[in-house]
Amino acid sequence: MFRDENGSALTSVGRKGLAALLKDNPTLEALHVGGATVGPDGAELGDALRSTRSLQELSLCGTKIGPSIGIAVGRLLRSSNGERLTSLNLADTLLGKEGMCMLSAALRGHKSLADLDVSYN
């Protein structure tokens, strides 16, 4: 499990390192980056999420990534790699209309998600 809930800002180097970790770690089951401000330049995290095969919990609460994370998580949910995801927290990520639309479309066909938080978007 990777967890950063200290309210720190995730720098460009940190985002790239985390993206590399996601791509190279087929056994990661939980990722909590809540409170670490990522900002709109964090789209590489979303792209890297699609390479995770065993992710069950994902919390990006408060990261303020923007609509790109809704699009990326929507793609994850539609892929076979997202089938195991049971808990998703995208509260206060600035999803916007575009991100929320993509996410909601992907949720229609997803069977295992039991916990979803998209508040403050």
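Predicted model: local features only at pLDDT ≥ 70, side-chain atom pairs only at ≥ 80, totals over all residues.
1. Residues are numbered from 1 along each chain as its sequence is written, and side-chain values use heavy atoms, with hydrogens and water left out.

2. The chain has an average pLDDT of 83, and 88% of its residues score at least 70. Among its elements (DSSP runs numbered from the N terminus, helices being H or I of at least four residues and strands E of at least two), the lowest mean pLDDT, 44, belongs to strand β1 (residues 2-3), and the highest, 97, to strand β5 (residues 115-117).

3. Helix α1 covers residues 12-23, and its buried residues (under 20% relative accessible area, with exposed over 50% and partly exposed in between, for a 1.4 Å probe and protein chains only) are Arg15, Leu18, Ala19 and Leu22. Seen down the helix axis, these fall within an arc of 100° (taken from the directions from the axis to the C-beta atoms), so they line one face of α1. The face turned away from that buried side carries the exposed Val13 and Lys16.

4. In the loop between β4 (87-89) and α4 (96-107) lies aspartate 92, whose phi is positive, near 55°, although the residue is not glycine. Leucine 94, in the loop between β4 and α4, likewise has a positive phi, of about 60°. Aspartate 92 counts as partly exposed because its relative accessibility is 24%, and leucine 94 counts as partly exposed at 45%.

Key: pLDDT = per-residue confidence, 0-100. Expected span 1.5 Å × (residues − 1).
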